[in-house]
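My notes follow in the order in which I looked things up.

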Amino acid sequence: RAIGYVPKALIRTYGCQQNVSDGEKIKGMLALMGYEITENTEEADFILFNTCAVREHAEDRIFGNVGALKALKKRHPSLIIALCGCMMEQEHVAERIKNSFPFVNLLFGTHSLHRLPLLLCKVLEDEKRVFERGIDDNIIPEGLPVKRDGKYKAFVPIMYGCDNFCSYCIVPHVRGRERSRKPEDIINEVNTLIKSGCKEITLLGQNVNSYGKNLDEKINFAQLLQQINDLEGDFRIRFMTSHPKDATEELIDTIAKGEKICNHLHLPFQSGNDRILEKMNRHYDREKYLKIISYAKEKIPNISLTSDVIVGFPGETYEEFCDTLSLVKEVKFMALFTFIYSKRKGTLAEKMEDLIPYGEKSKWFTQLLEVQKEISSEICASMIGKVMSVLVEEKSNKENILNARTQGNIVVELKGDESYIGKFVNAKITGSKNWILTGEIV
């Protein structure tokens, strides 16, 4: 390349908020190495896919997208193609990439994220393929550069990995065991964000409720949440994901009294049937789940509840699925993230007998969506006429419309100019459609 040429990098991130956070660190490291971020594949010198392994569909999509780069590599032989993230920590995936996609130059797993500059330099200097997986020394690298996707909202990981080993989940196998960041490192990062004008901070972990268990300092998640709430500044706090087995009354009490903590709890229940919950290795039953929900509603009357549900787990009957439907109707969630069970290689559930055809599971899935749509519409309609504080996030693709978000994580469409973006405003709710509200600034 000519002297003064600025190389360009294209990053594609798939999956959860943790992956998005990892993607922002990747962009930060590349920017420090002199790369400019681009969205144009034709002008990219470096293309990286940051992958997700939670569902089969996500994996298939990655293989398809990587395969599509073969022609681009032929046109631009100097192009470096890299893959990282959860998928790459699976042996069968890494072998398939190595054998079937010879044009991929670099592959590394979740534990090697901080080593990207070194690994990329190896590829450039040696002109050989570099594959690195499974390095887990339990060190949490601090101080990595971050190029955030937005100015007013930020993700802050507080821990990595998971110790729960739910029978359907690949995450502990690809992210490793739980490792909590030191509270002072988290506080420093949050403080820096607040001073830079960030208005909404989301604390991340596979199970934030088990934060602090491996630290020498005696601290739990509720206490960390309180410390962040006590920081000076005009901001609000979210967190995800909470595991019901570790959700405590102390956590609910902290949310209730924390003026900066959003009145929103995402608490995945996955199934409303005790036998299925036991097969899932979830370590709670329906009664325990409903007990913590009841306590949350009592202490935080305006709380917004969301959850995750798996439909068609191996061995689940329609009658057991109906227990899930009845729990949804009883709790009245604002929204659900719903999935038809997806077999994951290397998990306990992979070997379980699964006799229900996919078409039948799809019918159950549709039934669940219809029930939840009715509940969401009912909740949103009940908000018409209320005035609430919302964060204006961005300009909508509709003319003269802004997208804002309530504490309960509900989108509100408002009329207004771009000067409101990044600010908290009071909005009077004037209408609703399914799970989107319309309102006006007051």
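**Entry 1**

I started at Lys332, which sits in the loop between helix H12 (318-331) and strand E14 (335-340). The model is a predicted one. I looked up the backbone angle here: Lys332 has a positive phi of about 65°, although it is not a glycine. I noted this since most residues other than glycine have a negative phi. Is Lys332 buried, partly exposed or exposed? Its relative accessibility is 39%, so Lys332 counts as partly exposed.

I went on to Gln270. Gln270 also is not a glycine, and its phi is positive at about 70°. I found Gln270 in the loop between strand E12 (264-266) and helix H10 (274-279). I then checked its accessibility. Gln270 counts as buried because its relative accessibility is 6%, and the cut-off for buried is under 20%.

Next I looked at peptide bonds. Most peptide bonds are trans. The bond from Met240 to Thr241 is cis, with omega near 5°. I placed Thr241 in the loop between E11 and helix H9 (249-257). Met240 belongs to strand E11, where it stands opposite Leu204. That took me to the sheet.

**Entry 2: the sheet of three strands**

I wrote down the strand order as E7-E10-E11, an open sheet with parallel pairing. Which strands are at the edges? They are E7 and E11, and each pairs on one side only. Neighbouring strands here are turned by 25° against each other on average, with direction ignored.

I checked both pairings of E10. Strand E7 (residues 153-157) pairs with E10 in the parallel sense over five bridges. Pro157 has Leu204 of E10 as its bridge partner. On the other pairing, five bridges join E10 to strand E11 (residues 236-240), and the two run parallel. Thr202 stands opposite Arg238 in E11, and Leu204 opposite Met240. I therefore have Leu204 as bridge partner of Pro157 and also facing Met240 in E11, with the buried count of E10 still to explain: five of its five residues are buried, so the strand is largely enclosed by the rest of the structure.

Glu200, Thr202 and Leu204 are buried on one side. Ile201 and Leu203 are buried on the other. Both faces are covered.

What lies on this sheet? I found H1 across E7, E10 and E11, running at about 100° to E7. Helix H7 (residues 183-195) packs on the sheet as well and touches E7 and E10. The direction of H7 makes about 170° with that of E7.

**Entry 3: H1 against H5**

I followed H1 to its helix partner. Helix H1 (residues 17-32) packs with helix H5 (residues 116-126) at an angle of about 55°, and their axes are 10 Å apart. That angle makes H1 oblique to H5. The crossing is right-handed.

Which residues of H1 and H5 meet? From H1 I listed Ile26, Met29 and Leu30. From H5 I listed Leu116, Pro117 and Leu120. By class, the contact has six nonpolar, no polar and no charged residues.

**Entry 4: the sheet of six strands**

I turned to the other open sheet on my list. Six strands are ordered E2-E1-E3-E4-E5-E6, with parallel pairing. Strand E2 (36-37) and strand E6 (130-132) stand at the edges with a single partner strand each, so one side of each has no neighbour in the sheet.

I checked the E2 end. Strand E1 (residues 8-13) is joined to E2 by two bridges, and they run parallel. Lys8 stands opposite Glu36 in E2.

I checked for a helix at E6 too. Helix H4 (residues 91-100) lies across strand E4 (80-85), strand E5 (106-108) and E6. H4 runs at about 175° to E6.

**Entry 5: Asn302**

My last stop was Asn302, in the loop between helix H11 (286-299) and strand E13 (304-311). Asn302 is exposed, because its relative accessible area is 55% and the cut-off for exposed is over 50%. I also looked up a distance. Asn302 and Asn400 are 98 residues apart along the chain, and their C-alpha atoms are separated by 30 Å.

Notes
Residues numbered from 1 in each chain as written. Predicted model: local features only at pLDDT ≥ 70, side-chain atom pairs only at ≥ 80, totals over all residues. Heavy atoms only, no water. Axes fitted to C-alpha atoms, helices over the stretch in contact; angles between N-to-C directions. Helix = DSSP H or I, 4+ residues; strand = E, 2+ residues; numbered from the N terminus. Parallel < 35°, antiparallel > 145°, perpendicular 65-115°, else oblique. Left-handed = near helix turned anticlockwise from the far one by under 90°. Contact = heavy atoms within 4.5 Å. Nonpolar A, V, L, I, M, F, W, Y, C, P; charged D, E, K, R; others polar. Buried < 20%, exposed > 50% of the residue type's maximum accessible area, 1.4 Å probe, protein only. Pairing = 2+ DSSP bridges.
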